[in-house]
Amino acid sequence: MTSPSDIAAMPPADNARPDGGDGEQPEPFGLGSSPLRTDALPKALGIYPYASDLWAEGLLWGAVLRAPHPHARILSVDTSAALALPGVRAVVTADDLPAGPDGGHDGAPHGPVVADRPILAAGVVRHHGEPVAAVAAEHPDTARLAAALIVVEYELLEPVTDPEQSFTAPPLHPDGNLFRHLPLRTGDPEAVGEVVVEGLYQVGRQDPAPLGAEAGLAVPRPDGGVELHLSSTDPHGDRDRTAACLGLEPDRVRLVVTGVPGATADREDLSFQVTLALLALRTGRPVKMTLTREESFHTHTTRHPALLRYRHHADAEGRLVKVEAQILLDGGAYADVSAEALAAATAFSVGPYVCPNVFVDAWAVRTNNPPAGRMRGEGALQTCFAYESQLDQLAVRLGLDPVEIRRRNALATGDSMPTGQAVTCPAPVTALLDAVASEPLPALPVDDPDADWLLPGGPGGAGDPASVRRGIGYAVGMVHMLGAEGEDEVSTATVRVSGDHATVICAAVDSGQGFATLARQIVQSVLGVSEVYIAPVDSDQSIAGPSARGRHTWVSGGAVERAALMVRHQLLQPIAANFGMSVELLSIADGKITSYDGVLGMPVGEALEGKELWATAQCRPHPTEPLDEAGQGDAFVSIAFCAMRAVVDVDIELGAVRVVDVTVAQDVGRALNPRQIEDRIEAGVAQGVGLALLEDLRTEGGLLVNPSLTGYRLPTALDTPEVRIAALLEERDVVATFGAKAVSAAPAVVAPAAVAAAVRAATGLPVGRLPIRAEDAVSA
Amino acid sequence: MLPASLDEAVEALAATPAAVPVAGATDLMEAVNAGRLRPAALIGLGRITELRGWRYEDGGTAVLGAGLTHARMDRPDFAALIPALADAARTAGPPQVRNVGTLGGNIATAAPAGDTLPVLAALEATATLARPGATREVPVSHLLTGLDPLRPGELLTWVRVPLLHAPQVFLKATGRSGPARATASVAVVLDPARRAVRCAVGAVAPVPLRPLEAETWVASCIDWDGSREIDPAATAAFGEYVAAACVPDSYAAEGPWEAVTEGPTAAAVRLRRTVSVLARRALGRALK
């Protein structure tokens with residue numbers, strides 16, 4: 001892994017730990033350094049407590065009965081046999097949830113944007129695996145057995161599984177089948193380029209497939225409320241929605257966040273949480289539920305499968321003249337965040353390029369497929385594959401180098417996006433491209449004949465060097481940070497310093513993105529305190545919002561910094577007053593408070609002795625506005641860019657693909673923790689390569705075909721390429737906290753497009769579908 | 001139950017015919033954990049050390065213990081004896097699975113994509129099934145097809161494999177670089193003493209398939225007394241021949257209506273292509 005020199009050249013003051021003398025390696029300290037994640041060792045040693053490890057005295061076990069059909073009317077539910085089973089303590093259905101506004105039992109519908117998804121199916125099931133009833137029993141096997149004893153009579157309905165049929169199909173839900181139609185119109189519709197290329201692109205269904213399946217514990221409270229222990233990534237949102245579904249006041253529900261076993265999407269869907277809480281309230285006893293792997297695939301939302309039709313017009317030099325596109329996202333059975341994903345897909349439909357005339361129609365529709373929701377770069381990823389494929393086509397038609405055609409159209413700071421929003425943040429698209437293009441290529445077998453060469457198909461596989469072709473592909477992409485279209489983004493943090501250690505209380509969940517480590521670094525940098533404790537998260541703390549869209553570095557990091565600065569002021573003010581100078585003339589570095597003239601040099605620990613200082617602060621970035629009926633508006637707070645070069649080897653007879661190397665240049669604003677950024681990039685590349693080649697949650701007639709880790713193929717270490725960081729471009733985003741940009745989503749957005757481009761280069765085939773199947777890469 | 005010797009295990013199984021013998025448990029426990037299988041009892045075979053090795057018989061046969069793990073079969077000493085079986089064991093799964101998964105388990109589970117199965121079919125291996133005081137010998141392919149299945153109370157103990165002292169190749173197509181289930185696999189073994197080529201195709205049908213006519217034809221193309229060279233066109237034709245024999249026109253046809261239409265299905269064309277490439281490469285490597 002190569003690191004750019006500008007990371008090594010971070011201010012040394014932040015890197016040095018005060019007591020790290022005696023030639024010992026000082027522990028990384030403060031922003032810009034790379035301390036080890038606090039949870040890294042416990043997780044590696046297997047002692048990190050996850051939700052599935054929870055236990056309460058006298059607990060019951062929950063189990064859920066799921067619909068075996070993608071679309072059916074529920075004629076009757078008979079729970080008597082289940083209730084009669086010894087050891088069963090409660091069986092609940094939609095009738096046990098509070099009645100809806102019209103007095104009928106509607107299953108307490110909920111949703112992050114539109115409340116359309118029932119907790120337990122009421123009257124109709126709309127996707128395979130939708131929860132219909134739940135059981136609490138003394139033993140997990142009893143609970144599962146009882147769930148199987150519930151007799152549900154279904155009247156099968158014709159499932160709508162093709163999103164293109166959704167427009168004309170009878171409504172699958174009272175809300176209709178269209179989640180959102182977003183047109184984008186800018187420029188001259190009559191504009192025509194000298195070269196026109198067209199393409200149809202398909203993206204399959206990627207599942208977040210978190211290694212830890214959903215698990216949780218609900219404990220009833222004496223006040224009639226309930227306490228939920230879950231690996232939630234949005235504690236306050238989940239608390240409020242759970243309370244609403246149960247008809248409780250929000251303060252009667254307390255949500256305690258347990259160890260999150262990795263999340264690249266939302267975790268613990270609401271049906272799971274509310275069902276658990278309902279069972280605990282019903283029985284008056286703690287209830288624990290752990291889903292099986294198969295259930296896990298059924299319950300959480302997936303990435304939106306997409307169908308994209310593009311037409312690019314360019315002049316003879318390869319400059320874009322007009323882009324026309326139709327984008328169709330399959331939102332599955334319920335709305336979830338489809339409207340948001342569609343906004344990203346539409347706004348970024350041209351990619352990080354300048355084009356004066358853009359005409360896009362985008363739709364997100366309801367089908368009887370699994371519901372789609374949030375997942376790293378939702379919306380932005382699907383279009384990135386399409387627009388980058390189009391640019392490759394243009395390059396071939398014009399005889400241009402793929403990097404050159406991108407350079408000629410590259411977006412830069414000050415340019416306008418098709419939504420009319422001016423790009424005010426750094427947009428170093430050309431610099432990113434140059435960085436990946438100038439990085440040396442990986443060796444070929446002929447350069448290094450003695451090396452143990454891993455052929456497509458893996459070690460000991462069927463690969464034959466004579467039929468292996470190498471391909472190189474480039475891609476650039478963009479993704480927005482923070483909630484878009486007028487969403488109120490806010491986070492709150494409290495910093496307390498007592499004696500020689502500091503505590504951060506912030507409800508921002510570390511879902512694996514490393515926020516806890518970052519918060520520690522921030523406090524170290526501002527206060528010079530090395531011991532920083534990050535308090536566990538629960539919903540009694542102030543609101544910090546969900547762990548999604550790369551927002552915590554910005555909003556929660558900003559809140560932590562402000563709170564820490566307020567504490568710093570409280571700490572320094574009396575000292576400054578003593579010396580008759582202003583606080584601004586004092587600085588904290590190397591664990592010492594020093595004055596500008598060097599007269600004062602007091603260790604931080606001494607200044608803090610016997611004191612307890614604390615402050616709470618909020619961070620709220622500048623507001624955004626919704627896209628209007630022509631797709632125009634300043635909808636995004638900021639945008640991050642990423643460029644990649646993928647090198648693949650393809651066995652053109654068998655269609656086996658091995659990604660040899662992915663070289664990444666990313667626009668990070670400021671590298672607050674370089675190693676953590678590299679980890680995030682590697683993770684994003686791995687997920688992107690998975691989508692490009694392996695991961696596809698398939699359905700047949702709406703039924704899940706491969707809901708297991710055998711059937712759903714996640715990339716293994718042998719499938720993931722060498723990831724090289726060509727550059728982490730540090731051009732500060734002046735409005736962002738620390739000038740830093742979110743890093744997790746961008747690599748996942750760009751990697752599939754880069755791999756597809758490389759396979760295209762190796763095989764000469766069009767490659768219009770992700771994941772790339774073996775038959776799509778056979779060209780001999 | 002954890003018998004310490006083969007005799008104890010055979011007795012235990014005879015006493016409780018409903019019990020399920022378990023060795024590496026890589027398939028079995030997955031089914032148990034998922035609630036698909038509730039065995040009345042388990043007979044753990046892990047402590048029967050005699051089944052974990054192999055011995056020679058009559059100079060020309062290796063008698064392999066059913067408890068031989070994939071990891072053990074991948075070691076160089078074993079690979080020198082039965083190279084194709086070592087190849088299959090090496091690609092059978094991740095190290096955690098290969099360390100515990102056994103040859104006997106692979107046969108007893110009889111998964112269509114079981115990697116050692118086409119090799120055993122090509123080698124015409126036989127299995128020893130034991131009951132108290134009696135054993136019988138059954139060709140592995142008969143066990144797999146159900147022609148002569150494992151009877152209640154019988155324990156799979158040994159697998160007899162002829163030692164051919166000639167090149168053998170196992171190849172599988174998986175669509176990924178990491179360990180994965182085969183979409184198709186081909187085993188090719190040469191039997192110079194009988195001037196025969198034997199081939200089996202795995203994962204395309206519930207059991208490994210032997211393209212007997214293709215075997216006979218290609219054996220007649222080989223100059224057995226000389227360098228065993230063969231015309232590349234014959235190798236390619238062998239691939240096509242094997243593929244046509246093992247993948248029917250109606251492969252993966254959606255219902256009977258597609259089966260009666262003219263010509264092979266798209267899935268059949270794709271799979272034939274894969275099988276033909278594998279068979280061509282396998283034969284090419286065996287004759288190199």
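This is a predicted model: local features need pLDDT of at least 70, side-chain atom pairs count only at pLDDT 80 or more; totals for chains, interfaces and linings use all residues.
Tutor: Residues are numbered from 1 along each chain as its sequence is written, and chains are lettered from A and ligands numbered from 1 in the order in which they are written.

Student: Why is H11(B) called oblique to H13(B)?

Tutor: Helix H11 (residues 232-246) and helix H13 (residues 266-287) of chain B pack at an angle of about 135°, with axes 7 Å apart. Angles under 35 degrees count as roughly parallel, over 145 as roughly antiparallel, 65 to 115 as roughly perpendicular and the rest as oblique. The angle of about 135° therefore makes H11(B) oblique to H13(B).

Student: Which residues of H11(B) meet H13(B)?

Tutor: Among them are Phe238(B) and Val242(B) in H11(B), and the H13(B) side includes Val275(B) and Leu283(B). Contact means heavy atoms within 4.5 Å.

Student: What makes strand E4 of chain B largely enclosed by the rest of the structure?

Tutor: Buried means under 20% relative accessible area, exposed over 50%, and partly exposed in between (1.4 Å probe, protein chains only). Five of the five residues of E4(B) (residues 61-65) are buried, so the strand is largely enclosed. Thr61(B), Val63(B) and Gly65(B) are buried on one side, and Ala62(B) and Leu64(B) on the other.

Student: How many bridges join E4(B) to E7(B)?

Tutor: Five bridges join E4(B) to strand E7 (residues 155-162) of chain B, and the two run antiparallel. Two strands pair if DSSP finds at least two bridges between them, so with five bridges these strands count as paired. Gly65(B) stands opposite Trp158(B) in E7(B).

Student: Where does E3(B) join E4(B)?

Tutor: Strand E3 (residues 54-57) of chain B is joined to E4(B) by four bridges, and the strands run antiparallel. Arg55(B) has Val63(B) as its bridge partner in E4(B). The two strands form a hairpin with three residues between them, and Asp58(B) in the turn has a positive phi of about 55°.

Student: What makes E3(A) and E11(A) edge strands?

Tutor: Seven strands of chain A form an open sheet in the order E3-E5-E1-E12-E9-E10-E11, with mixed pairing. E3(A) (88-93) and E11(A) (253-257) each pair on one side only.

Notes:
Side-chain values use heavy atoms; hydrogens and water are left out. Axes are lines fitted to C-alpha atoms, for helices over the stretch in contact, and angles run from 0 to 180 degrees between N-to-C directions.
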